[in-house]
Amino acid sequence: MTSSMPRGLTRTQIAERVALDIPDGAYVNLGIGMPEIVAQCIPDEKEVILHTENGLLGMGPPPPAGEEDPELINAGKRPVTTVPGASFFHHVDSFAMIRGGHLDICVLGALEVAANGDLANWSTGTGAVPAVGGAMDLVTGVKAVYVMAGHCTREGEPKLVTECRYPLTGKAVVDRVYTDLAVIDITSQGFAVRDLAPGVTLSDVAERTAAPVVDARRGSHLVDDTGFQSGPSSFLKSEAST
Amino acid sequence: MIDKRCADAAAAVHDIRDGATVMIGGFGEAGSPTELIDALIEQGASELTVVSNNAGSGTTGLAALIAAGRVSKMVCSYPRSADSEVFAELYRAGRIALELVPQGTLAERIRAAGAGIPAFYTPTAIGTILAQSKPVRRFGDRECLLEHALSGDVALIKAKAADRHGNLIYNKTARNFSPLMAMAADTTVVQASIVAAPGSLDPETVVTPGIFVDRVVREERSPQASSPGVGWL
């Protein structure tokens, strides 16, 4: 039996937590949907270059109403702007950045993530017209693949599982998962919790994860074998102020 | 003398045949050559295979070509659209075929055709349902899929400016697949906002060299009729 649902983080707070881990100077692709919020959470002191796979490096925020350009859009087909230092290029150059391992980080949504890093995020396998876009290229080529998602579905089903039921986007491709409850690395030991949201316990996470979880928080006995630098010790920059 | 300019869009697409493979540039509506598509609808060719990243949005352009029943197969990465049910309805009814290709593989397959490469290996889509029936080979510690070049009989693309040699520059993210499709089709047709005098395009900034282009049509709906008098475009 699961205990009552902990409050967890809002979508914006998850995005802030992701942004904390994006280093100055990184080249980053943000997936369509929830990952787009990360763009607004990157602090001014970091220069992070955003890539959008339809041919723009140096993507800026949406333009003011009335200044939209139908030929300046992002991968979600919404109007964007350029930042100083931006460049345009065609699709082969854009996907050479992705497939050739030049992008540092991509942040993607997920339907399911398995304990071995398998990702399912493009098809529920039923009804809807199948559409994959650039997801399979991103998970295969980008140096670090982060997932940002609710820990469970709206119906309360865990998204972190032993084995994905939905069609895969890639096998053993995810490095880290950011949810409303925790930051979880994919390790040789499976899901390794490296950070918990305020007020959330390890057992809250374990109860809502359909696979074993291990404790890899700073000070715990387990060794982090992902090769990532240790994350920040305080969970949220906004925590103190909100 | 080389002069690739055509009188109008109708003249530029008059010889597209039933059953042709037509590559159509654009990502969503950015870079979609709508005047050439309208001319193709008017021209009447059917049983087309269309290669394009998406399968049309709204009710115009590619969506209108599909709605007119002219397309028997789409090759694309993302045929879903928030504002168009045209493709989805035909697909669910089994009246249009779909070859779904990861976006980077789609781009690379088109480039390969344009560069004389018959096939290549890539790790993208390994272990997924899109890898089914494709040969797999291991390179080092990575399994890769064999993907074949994708060529077209015709490419329809949109440029910001062209000259009579077919040299092209594009506008912002409207570039996307067009330079690749120009290389990969037997006949490449361009609709350009500006048709400039030779020498108006800075050779350092030409994106598609004219050798890849066969026909140039000036957009009728474009407000800019000619190139400015001084400086590069």
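Let's start with A:Thr187, which sits in strand 11 of chain A, residues 182-187; helices (H or I, at least four residues) and strands (E, at least two) are DSSP runs, numbered from the N terminus. This is a predicted model, where local features need pLDDT of at least 70 and side-chain atom pairs count only at pLDDT 80 or more, while totals for chains, interfaces and linings use all residues. Residues are numbered from 1 along each chain as its sequence is written, chains are lettered from A and ligands numbered from 1 in the order in which they are written, and side-chain values use heavy atoms, leaving out hydrogens and water.

**Chain A overall**
- Chain A has five helices and 13 strands.
- Of its 242 residues, 55% count as buried (buried is under 20% relative accessible area, exposed over 50%, partly exposed in between, with a 1.4 Å probe and protein chains only).
- Its accessible surface is about 10,500 Å², with 52% belonging to carbon and sulfur atoms (areas come from the Shrake-Rupley method with a 1.4 Å probe; for residues, only the protein chains shown count as cover).
- Take the contacts (heavy atoms within 4.5 Å) in chain A between residues at least 6 apart in sequence: 64% of them join residues at least 24 apart.

**Two threonines in chain A**
- A:Thr187 is buried, at a relative accessible area of 12%.
- Its side chain gets to the backbone nitrogen of A:Gln189 at 3.0 Å.
- A:Thr169 lies in the loop between strand 9 (160-161) and strand 10 (176-178) of chain A, and counts as buried because its relative accessibility is 0%.
- The side chains of A:Thr169 and A:Asn121 make a polar contact at 2.7 Å (a pair of N or O atoms within 3.5 Å; within protein, one must be able to donate a hydrogen and the other to accept it, and residues adjacent in sequence count only if both atoms are side-chain atoms).
- Leaving out residues up to four places away in sequence, A:Thr169 touches, among others, A:Trp122, A:Met136 and B:Thr128.

**Where A meets B**
- Here 36 residues of chain A are in contact with 43 residues of chain B.
- The area buried between the two chains is about 3,200 Å², 64% of it from carbon and sulfur atoms (buried area is the accessible area, 1.4 Å probe, that two parts lose on being put together, summed over both).
- A:Glu71, A:His91 and A:Val129 supply 22% of the area that chain A buries against chain B, more than any other three residues.
- There are two salt bridges between the chains (a side-chain nitrogen of Lys or Arg within 4 Å of a carboxyl oxygen of Asp or Glu).
- A:Glu71 forms a salt bridge with B:Lys158, their closest N and O atoms being 2.8 Å apart.
- Helix 3 of chain A gives the largest share of the side that touches chain B, four residues.

**Helix 3 of chain A**
- Its buried residues are A:His91, A:Val92, A:Ser94, A:Phe95, A:Met97 and A:Ile98.
- Those buried residues pack against strand 2 (49-52), strand 3 (56-60) and helix 4 of chain A, together with helix 5 (103-114) and helix 6 (178-184) of chain B.
- Just after helix 3, A:Gly101 takes a positive phi of about 75 degrees.

**A loop residue in chain B**
- B:Asp15 is in the loop between helix 1 (9-12) and strand 1 (21-24) of chain B, and is partly exposed at 38% relative accessible area.
- Setting aside neighbours within four places in sequence, B:Asp15 is in contact with B:Gln43 and B:Arg215.
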